[in-house]
Amino acid sequence: MDLFEYQGKQYFARFAIPISKGEVADTVEEAVAAAERVGYPVVVKAQVLVGGRGKAGGVKLASNPEETAEHAGNILGLDIKGHITRRLWIEHATDIAREYYASFTLDRAAKMHLSMVSARGGIDIEQVADEEPEAIARTHLNPLDGLGIEQARDIVARANLDEQAREQAAELLVNLYRCYVEGDADLVEINPLVLTTDGRVHALDAKVTLDDDAAFRHPEWAEFSNTSDVDERERLAKDKGLQYIGLDGTVGIIANGAGLAMSTLDVVNQVGGAAANFLDIGGGANADLMASALEVINTDRNVRSILVNIFGGIVRCDEVARGIVTALGRVELASPIVLRLDGTNAAEGRRIIEELGSDQIIGEPTMLGAARRAVEIAARGGQA
Ligand code: GDP
Ligand code: MN
């Protein structure tokens, strides 16, 4: 889960990483009131889950209420790379002497944490990596050793940070590492990390990605997930306890088990189609879960056909069939279903579907046959 800048900064603050004083605002009036409390001059910043806000006009300095109102008005509703700005962060402006870069992330190939620090911050770090890779001090950290102050001092020296920034930056790095590990993040990034004209080092931006698999030990994360702008389909699925990943094809796929779902994806590709999603209803699928799965797929406007591929084991095909009947009672399906039922209670499942007598459900005995049918229907724009 990605955090907005203002949430990331709140997260940083818990680990004693210095940030500017600020407040969130959802309207122009709130922005003006927040600026008054924060103290002029202020920076009005778009809160969207995408970088490059500054270049897109989403970060503006204001030195009085008129300017705050003007910038807030322009930035609220602003489309930044497809993300609409709904919230602002108003923070006390900083006098910047130098802009640096600092991050921790996991290097899966090396099986170690990776620290990246550079004196060339403020700009896109990928650009620095391309043009001047030696300007980034890259350091692998063994998770068993962690990061101590000595090694942090070495890192900021190798990164060529200005002499007067080094000790504060080293202390900040140690705290940022704690934020990353103890805070269960997959990524923490500060760009820019600044040296102020009066000699202080602090975080001017915050990018934090939390490790969703650690959510069970962070009940406090609930406040973050409510505001996150995840794919609407994925949110709906998660609320219903489904494993769902949105893709950009036209064949909606429901299968029981991740392995079968992936094979189904492959077979759809093999016969010339493209999957609109990956949806695994799991090993304990029942009628209600099946109905929820169909409801989620039904909200995807790209879908032209739905391929339901169930191999009954613990999951019973008659339960799945009842789920389809339930779903048809709850929602009007926008696309026909191609249904392959095999395994436990398959005959009973097929009988239930036959009794329903819907021309929107086409039975196919094999996975390949079902995939072909679903792809044909999708190619015809959803005509069964
Ligand atoms: P991003 O463009 O999405 O990465 O947004 P940032 O939060 O990094 O802001 C972009 C740029 O705005 C920074 O690199 C700074 O140069 C500038 N900026 C942000 N906050 C301040 C501030 O308090 N004072 C000044 N002078 N510039 C700022
Ligand atoms: Mn930035």
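Rings of Phe, Tyr and Trp (its six-membered ring) count as a pair if their centres lie within 6.5 Å; planes under 30 degrees apart are called stacked, those over 60 edge-to-face, and the rest tilted. Before we use that, a word on what you have open: this is a predicted model, in which local features need pLDDT of at least 70 and side-chain atom pairs count only at pLDDT 80 or more, while totals for chains, interfaces and linings use all residues. Residues are numbered from 1 along each chain as its sequence is written, chains are lettered from A and ligands numbered from 1 in the order in which they are written, and side-chain values use heavy atoms, with hydrogens and water left out.

**Stop 1: the aromatic pairs**

How many aromatic pairs does a search of the whole structure find? There are seven. Select Tyr11 and Phe224: their ring centres are 6.1 Å apart and their planes meet at 75°, so this pair is edge-to-face. Tyr11 sits in helix α1 (residues 5-14) and Phe224 in helix α7 (residues 222-225), so the pair ties together parts 213 residues apart in sequence. Helices here are DSSP runs (H or I, at least four residues), strands are runs of E (at least two), and both are numbered from the N terminus.

Now pick Phe104 and Tyr177, an edge-to-face pair with 5.4 Å centre to centre and 70° between the planes. Phe104 belongs to strand β7 and Tyr177 to helix α6 (residues 163-182), so this pair ties together parts 73 residues apart in sequence. Phe104 is buried at 0% relative accessibility, and Tyr177 is buried at 7%. Finally, select Phe4, Tyr6 and Trp89, which ring pairs link into a cluster.

**Stop 2: helix α1**

Colour α1 next. Seven of its ten residues are buried, so the helix is mostly covered. Those buried residues are Glu5, Tyr6, Gln7, Gly8, Lys9, Tyr11 and Phe12. Following α1 you will find Ala16, with a positive phi near 60°.

**Stop 3**

Colour the chain by domain: domain 1 (21-92), domain 2 (96-222) and domain 3 (232-379), with bounds from an automatic or database domain assignment. The C-alpha centres of domain 1 and domain 3 are 44 Å apart.

Where does the largest pocket lie? Domain 1 and domain 2 both give residues to its lining, so it lies between them. A pocket is an open set of points on a 1 Å grid over the protein atoms alone, where a 1.4 Å probe fits, with protein on both sides within 12 Å along at least five of seven lines; lining residues have an atom within 4 Å of a point. This one is lined by 45 residues, and Gly52, Arg53, Asn191, Pro192 and Asp205 lie nearest its centre. The largest share of the lining, five residues, comes from β10.

**Stop 4: Glu295**

End at Glu295, in helix α10 (residues 287-298). Glu295 is buried, with a relative accessible area of 15%. Which residues does Glu295 contact, leaving aside neighbours within four places in sequence? They are Lys240, Arg330 and Val331, where contact means heavy atoms within 4.5 Å. The C-alpha atoms of Glu295 and Val331 are separated by 6.9 Å, although the two are 36 residues apart along the chain.

How values were computed: Buried means under 20% relative accessible area, exposed over 50%, partly exposed in between (1.4 Å probe, protein chains only).
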